[in-house]
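Work through the exercises below with the sequence and the model side by side. Try each task before you read its solution.

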Amino acid sequence: MDERDALLGDTDAVRGTVTAAIVGIDGCGKTSTFRDAVVLLSPSVRTAGVGDVVLSGHPTQLPRERTDIPLSRAARAVGAAAKGLRRPGLYKDLKLLEFTERTHVCNQLLARDPPDVLVTDGHPLVNAAAWAIARYSDGELADDERLVEVLHYLAGDRRIPMRELPYYLRRAWQLAMLNRLRLARFGFPDIVVLLRIDPATSMERIHARGRPLQVHENVAFLTELAVAYERVCDLLEARCGISVVRLEVDEATHEDTVNSVAEAVLSYRLQQLLGPIPSDSIEIVATTMSG
């Protein structure tokens, strides 16, 4: 193990867990990238992943599914139920419940055995904001200032003022309940990896799965959702200080995408320890999936 690997694996040297969210529209390969990124990162750092399954691994142990985390199966069941719904309003409520459960799963994992890196398949904060823009806000989040406020309310680091509570109770009572009652805090990730893909290409991939289409899986809506993800990521980067990595995945191989995710996460962890690294001195720290 060289000095860099020793630094990456030194939990005491880098305080806290680096949280990395992989986001993007349906059909971008998010879930498979999430799973394989956990596999690729584990030989270098203690890694956990939260998606439909909870995974963890470290340099001396291959990733395995964690069945000891309460609520993980509940979150999976809620997400599966949402996929079959044809009513957008009920779909929204179940997805928020799934995001809440996944947040609790992440919190339980961090409290029990905090890893060096936590990778998530999607992210409650990013997903909820993007979907609100694309489908549920009726244009009320067109103002960047309002959207930034909503991001902080979802994250739970700001409480909705009493004077604004009637507004949110009328338009987004779910957000008001989450925030004022502190039912969940969809905290900011440290780094977001946005998988960019043309919606027409994503629909081709979705059809190739041979599964029944979800109610929102069409080119028109996925185009709106892709724009919403871009806007949320732009604001996270510019206004909230979140590191955002954008990857074009239309023609990229799955292996290249996973390598890029792992490289970005490990580079971020090194920067947390050493400070900013000059671009001309960055080395590739990820290996290929085959070795």
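The exercises go from the whole chain to the sheet, then to single residues and rings.

This is a predicted model, in which local features need pLDDT of at least 70 and side-chain atom pairs count only at pLDDT 80 or more, while totals for chains, interfaces and linings use all residues. Residues are numbered from 1 along each chain as its sequence is written, and side-chain values use heavy atoms, with hydrogens and water left out.

**Exercise 1. The whole chain**

Task: Describe the chain by its secondary structure, burial, contacts and surface.

Solution. 
- Step 1: Take the secondary structure. The chain has eleven helices and seven strands. Helices (H or I, at least four residues) and strands (E, at least two) are DSSP runs, numbered from the N terminus.
- Step 2: Look at burial. Of the 291 residues, 48% are buried. Buried means under 20% relative accessible area, exposed over 50%, and partly exposed in between (1.4 Å probe, protein chains only).
- Step 3: Turn to contacts, meaning heavy atoms within 4.5 Å. Take the contacts between residues at least 6 apart in sequence: 70% of them join residues at least 24 apart.
- Step 4: The accessible surface is about 13,900 Å², and 52% of it belongs to carbon and sulfur atoms. Such areas come from the Shrake-Rupley method with a 1.4 Å probe; for residues, only the protein chains shown count as cover.

**Exercise 2. The sheet**

Solution. 
- Step 1: Recall the rule. Strands of a sheet pair through backbone hydrogen bonds, either parallel or antiparallel. Here, two strands pair if DSSP finds at least two bridges between them.
- Step 2: Write the order. Seven strands form an open sheet, S4-S3-S2-S5-S1-S6-S7, with mixed pairing.
- Step 3: Find the edges. They are strand S4 (61-65) and strand S7 (243-248), and each pairs on one side only.
- Step 4: Examine a parallel pair. Strand S1 (residues 18-23) runs parallel to S6, and four bridges join them. Ala21 has Val192 in S6 as its bridge partner.
- Step 5: Examine an antiparallel pair. Strand S3 (residues 54-58) pairs with S4 over three bridges. His58 has Gln61 in S4 as its bridge partner. S3 and S4 form a hairpin, with two residues between them.

**Exercise 3. The rings**

Solution. 
- Step 1: Know the cut-offs. Rings of Phe, Tyr and Trp (its six-membered ring) pair if their centres lie within 6.5 Å; planes under 30 degrees apart count as stacked, over 60 as edge-to-face and the rest as tilted.
- Step 2: Count. The structure holds four aromatic pairs.
- Step 3: Classify Phe99 and Phe186. They lie 6.4 Å centre to centre with 90° between the planes, an edge-to-face pair. Phe99 is in helix H4 (residues 88-112), and Phe186 is in the loop between helix H8 (173-180) and strand S6 (191-196), 87 residues apart. Both Phe99 and Phe186 are buried.
- Step 4: Classify Tyr153 and Tyr168. Their ring centres are 5.6 Å apart and their planes are at 90°, so the pair is edge-to-face. Tyr153 lies in helix H6 (residues 144-155) and Tyr168 in helix H7 (residues 165-171), so the pair ties together parts 15 residues apart in sequence.
- Step 5: Ring pairs link Tyr153, Tyr167 and Tyr168 into a cluster.
- Step 6: Find the charges. A charge sits over a ring if NZ of Lys or CZ of Arg is within 6 Å of the ring centre and within 35 degrees of the ring normal. The charged end of Arg135 sits over the ring of Phe221, 4.2 Å from its centre. The charged end of Arg146 sits over the ring of Tyr167, 4.3 Å from its centre.
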